[in-house]
Amino acid sequence: MSGRLAVIGLGPGDQRYLTQEAREALEAAEALYGYGPYLDRVPMRPGQARHPSDNREEGIRAEAALRHAADGTHVAVVSGGDPGVFAMAASVLEAVESGPDAWRALDIAIVPGITAMLAVAARAGAPLGHDFCALSLSDNLKPWELIERRLDAAASAGFVIALYNPVSRARPWQLAKAFALLSRHLLSTTPVIFGRAVGRADEGMTVTTLGAASAIEADMATLIIVGSRETTLIAREGQTPLVYTPRAVEGAMA
Ligand code: SAH
């Protein structure tokens, strides 16, 4: 019997963000693999084995899950947010590509989830209303020079930019450098949104400007959206402002 492997997105936090498809896929699994804190979000089911692992061990985790599935087991690998966005789905497919033929014969399903960028955008208004892009600021898997080139290109092309993995203990200075680079293309009044642990009990949202952004604290649970030239704030009495990017842009880029 050939096994099954589902790579499941849990959404940004709260159970309400879990899709019905993801819920059913989690329930159907005999064994769960994932980063420990993500597995902790999945309700316990009798008879379902859990294999937590460390955040950095994505390749090892993917191979362990594939080996287990190849035994004929129904295995699920979980990711926060969407599994295809800077997460496990690509790690699993990389392992499939370089692994034994038996792994290609598996029934593999990628089950989408609400990615952090969409959850943060929705809280703030509609900052992704026009063209946007997403970048991971982590230089664990690519050189920092490439990140700088992409930030430059994205800002000069007029994209709204979502920044995943903005800081970690090992990467304390990169975010301020990124804001400085973006400031070469964007006004200091450009809206910047910090969404932290969105969808969880300790959620926090800050709307600021590019000029003031480096003074705002960010951590590994923060997703940052930097507006484009068109991104606008709607001030509201006694409430946080609404941030949006108009659907239409006129004229050519400067
Ligand atoms: N697959 C995930 C992203 C993994 S990269 C997804 O689709 O959301 C990890 C980064 O995602 C974090 O450093 C942070 O930038 C962002 N992130 C994940 N969950 C978040 C949340 N609940 N609130 C804000 N940002 C989050």
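Biologist: Is Thr206 buried, partly exposed or exposed?

Modeller: Thr206 counts as partly exposed, because its relative accessibility is 31%. Buried means under 20% relative accessible area, exposed over 50%, and partly exposed in between, with a 1.4 Å probe and protein chains only. This is a predicted model, so local features need pLDDT of at least 70 and side-chain atom pairs count only at pLDDT 80 or more, while totals for chains, interfaces and linings use all residues. Residues are numbered from 1 along each chain as its sequence is written, and side-chain values use heavy atoms, with hydrogens and water left out.

Biologist: Where does Thr206 sit, and what does Thr206 touch?

Modeller: Thr206 is in strand 10, residues 204-209. Strands (E, at least two residues) and helices (H or I, at least four) are DSSP runs numbered from the N terminus. Leaving out residues up to four places away in sequence, Thr206 touches Val192, Ile193, Phe194 and Ile216. Contact here means heavy atoms within 4.5 Å.

Biologist: How far apart are Thr206 and Ile216?

Modeller: C-alpha to C-alpha, 8.3 Å in space, and ten residues in sequence.

Biologist: Switching to the ligand. Which residues are closest?

Modeller: Asp82, Val85, Thr115, Met220 and Thr222 are the closest of the 20 residues that surround the ligand. A residue is included if one of its heavy atoms lies within 4 Å.

Biologist: Which backbone atoms lie by a nitrogen of the ligand?

Modeller: A backbone N or O atom of Val85 lies 2.8 Å from a ligand nitrogen. For Val198 the corresponding distance is 2.9 Å, and for Ala221 it is 3.3 Å. Taken alone, the ligand exposes 550 Å², and the protein buries 94% of that. Those areas come from the Shrake-Rupley method with a 1.4 Å probe; for residues, only the protein chains shown count as cover.

Biologist: What about the largest nonpolar core?

Modeller: The largest nonpolar core has 24 residues, and Leu151, Leu163, Phe179 and Ile224 touch the most other members. A core is a set of buried Ala, Val, Leu, Ile, Met, Phe, Trp, Tyr and Cys residues joined through side-chain atoms within 4.5 Å. Among the elements giving two or more residues to this core are helix 7 (144-156), helix 8 (174-182) and strand 11 (222-226). Apart from it lies another core of 17 residues, including Met88 and Trp103.

Biologist: And what is Leu151 in contact with?

Modeller: Beyond its neighbours within four places in sequence, Leu151 contacts Leu135, Leu137, Ile161, Leu163, Ala178, Leu181 and Leu182.

Biologist: Ser79 next. Buried or exposed?

Modeller: Ser79 counts as buried, at 2% relative accessibility. Ser79 is in strand 4, residues 74-79. A polar atom of the Ser79 side chain lies 3.2 Å from the backbone nitrogen of Met88. Residues touched by Ser79 include Ile8, Tyr38 and Ala87.

Terms used. A polar contact is a pair of N or O atoms within 3.5 Å; within protein, one must be able to donate a hydrogen and the other to accept it, and residues adjacent in sequence count only if both atoms are side-chain atoms.
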